[in-house]
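Biologist: Please show me the chain. I have some questions about its side-chain contacts.

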Amino acid sequence: MSVLGVGQAVAATALDFDELYGKISVLGLSFSDKVKSLDGKKVAMRGFMAPPLKAEADFFVLTEIPMALCPFCSSDADWPDNIVVVRLDRAQTFEQANALIEVEGTLEVGSWTDPVTGFVSLLRIVGAHFHAV
């Protein structure tokens, strides 16, 4: 086991949308073994920013394909299998929804309801930042 020295960063593990879930059944979505093993760890994902609710905020939805509408759901039972909520390390102005971006941050796995917005999510990348690809 290696020990990181001061100033060394842990590399993010690449995660693709098709690796998020192990199976989808009548009981709902089941996280993949890879996602379960990455809970609380640094990940990097590529995708598209869903149209945000406002021009500047500290969160958005990362989608596998460009979307015309914001895909937030009323419950985790309605959660699509090709989106991830991204909570940024700071509020910022957003890119165009059709531009490919890469997001890096810490993966959080499991149902969570944002106490401020009431939005429900199954997967989140928190403390995140993004850049155009």
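Biologist: With which side chain does the side chain of S121 make a polar contact?

Modeller: This is a predicted model, where local features need pLDDT of at least 70, side-chain atom pairs count only at pLDDT 80 or more, and totals for chains, interfaces and linings use all residues. Residues are numbered from 1 along each chain as its sequence is written, and side-chain values use heavy atoms, with hydrogens and water left out. A polar contact is a pair of N or O atoms within 3.5 Å, one able to donate a hydrogen and the other to accept it; residues adjacent in sequence count only if both atoms are side-chain atoms. At 2.9 Å, the partner of S121 is R124.

Biologist: Is S121 buried or exposed?

Modeller: Buried means under 20% relative accessible area, exposed over 50%, partly exposed in between (1.4 Å probe, protein chains only). S121 has a relative accessible area of 3%, so S121 is buried.

Biologist: Which residue forms a salt bridge with R124?

Modeller: A salt bridge needs a side-chain nitrogen of Lys or Arg within 4 Å of a carboxyl oxygen of Asp or Glu. For R124 the closest N and O atoms are 3.0 Å apart, and the partner is E108.

Biologist: How many residues apart in sequence are the parts that R124 and E108 tie together?

Modeller: R124 is buried at 4% relative accessibility, whereas E108 is partly exposed at 32%. R124 lies in strand β8 and E108 in strand β7, so the parts tied together are apart in sequence by 16 residues.

How values were computed:
Helices (H or I, at least four residues) and strands (E, at least two) are DSSP runs, numbered from the N terminus.
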